[in-house]
Amino acid sequence: MVGSVGRSNAMRADALGHVLRVADYTRTPGGRYASDGAYPGQEFLDSHLKPAFERAKSDGATLTVDLDGTAGYASSFLDEAFAGLTRTFGRAEVEQILRIKSDAEPYLHEDIQQYIAEA
Amino acid sequence: MRSALHGLRRTQIRSLRRAARSSRSGRVVNPSTRAVEILAPSHFSIVDNPEETVAYLQTVRRALRSSDVRAALRGVQVVSPDALLALITYADALGSGQRLTGDLPLDDGARQAVETCGFAELVLGLERKGNRRGFVETASASARTGHQANAKLAEELVQRGCAAAGLPYSLVSYSNLIECMTNTNNHAAHEQGTIAWRLMVTWDEANQRLQFVFMDPGRGICRTVKLRFPQFSDDSELLRILLDPSVSALKKLWAGLPARTRTRQPGRGRGLRKIAQSLKRGSLRRVVVIANGAYVDVGAGIAARLKGHGFQGTLVFWEVGQVA
């Protein structure tokens, strides 16, 4: 199961692991592929999430993906990013390394777990 | 005293007599403009009066294939933005030489609702295909059209709508808009074409409702999904399952399909489920989806078949209540 990181643990996560903020990629996440328009999940996966996951893995650390600070998320963006990550690295490794922080929409943690489980 | 038909050609006389017979069903041909006038139902709303309103819209669409049409709204007493958006969308698909005009409701409340959503600018001023206007901005309504998922626009419209309503920013409304835009981009068009979506955000101050309406005049979500899940012949049952976020519904969707087919469907069907989930999570007040032969009001638990030829395209409607 992918861990979640609450607000009080954000600083702790910084100290113990790597943090990737989606808002650093874009404030306005788009659809799944580039053909859907700007800021697709596929681009976020390839240019941000996979490299960050590789770095965390080689450092023996966790990777906390911070979903806060954006305009919102379509399921296609999240599915492409996190199911795509799972198809690359495998469910066991993803669940071991990945953490999700989402204070504005806490239920996204559950959604992402589902995408990983169904990848 | 000369007959009123004096001087007209035989074809014109036949046309007028046909029109006179049709006037019993609300269709009247105005000989001076050659436009067929079609009276809208007094409760002009797809989400609240689906049968009558969808039947009216289908009549307008069919009439537009062969003549100019005047969408007469003067008898409308209750109107919602979804019906107006559908008219605008069909007007936008006109061929050269076709014309859709209309008039405003006589009822004060209905007329105000029509005027404030920009319908007058978009339809009454629209004459030919090359003169499309996709942009409307009023104090309480925004209407746009486009292709693909326009993330910046989605954020802007949600911000504007929530500001007009005095509500916090609605994350789920942004999410829903992106879901709808990408669905249209990927699935609405026939063959290699593209379909433009159209959306409207309105703040109904009288009833204190912030409403989002999204529509595309494409194949309709039921028809496209049935290509992958042919075991469903009933559009309303299929749409109800697509909008059911429970695991059992997803299992029902996949039941009977070979595993090989399932693996080729990464992430299929999540968009509508997420929209429906946001209702159950208390982020939205109402969600209604109409597509092909189906009407589903998620919160009310209503899944109904539309009579006649059904609805052209897909329409998604939601109201913002408690905001995420």
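Reply: Let's take chain B. Among its contacts between residues at least 6 apart in sequence, 64% join residues at least 24 apart, where a contact means heavy atoms within 4.5 Å. Two notes before we go on. This is a predicted model, in which local features need pLDDT of at least 70, side-chain atom pairs count only at pLDDT 80 or more, and totals for chains, interfaces and linings use all residues. Residues are numbered from 1 along each chain as its sequence is written, chains are lettered from A and ligands numbered from 1 in the order in which they are written, and side-chain values use heavy atoms, leaving out hydrogens and water.

Chain B is built with 12 helices and 14 strands (DSSP runs numbered from the N terminus: H or I of at least four residues for helices, E of at least two for strands). Of its 324 residues, 53% count as buried, that is, under 20% relative accessible area with a 1.4 Å probe and protein chains only, while exposed is over 50% and partly exposed lies in between.

For the complex, the predictor gives an ipTM of 0.90 and a pTM of 0.83.

Now zoom in on helix α4 (residues 108-116) of chain B. Asp107(B) caps its N-terminal end, with a side-chain oxygen 3.1 Å from the backbone nitrogen of Gly109(B). Just after α4(B), Gly118(B) takes a positive phi of about 85°.

Next come the rings. There are 8 aromatic pairs over all chains (rings of Phe, Tyr and Trp, with its six-membered ring, whose centres lie within 6.5 Å; planes under 30 degrees apart count as stacked, over 60 as edge-to-face and the rest as tilted). Phe212(B) and Trp318(B) make a stacked pair, 5.2 Å centre to centre with 5° between the planes. This pair links distant parts of the chain: Phe212(B) is in strand β10 (residues 209-216) and Trp318(B) in strand β14 (residues 311-320), 106 residues apart. Phe212(B) counts as buried because its relative accessible area is 0%, and Trp318(B) is also buried, at 0% relative accessibility.

Finally, the nonpolar cores, meaning sets of buried Ala, Val, Leu, Ile, Met, Phe, Trp, Tyr and Cys residues joined through side-chain atoms within 4.5 Å. The largest core has 76 residues, and Leu239(B) is one of those touching the most other members, along with Leu49(A), Val65(A), Leu67(A) and Phe82(A). A second, separate core of 43 residues includes Val60(B), Ala91(B), Ala143(B) and Leu315(B). As background, nonpolar side chains tend to be buried together in soluble globular proteins.

Key: A polar contact is a pair of N or O atoms within 3.5 Å; within protein, one must be able to donate a hydrogen and the other to accept it, and residues adjacent in sequence count only if both atoms are side-chain atoms.
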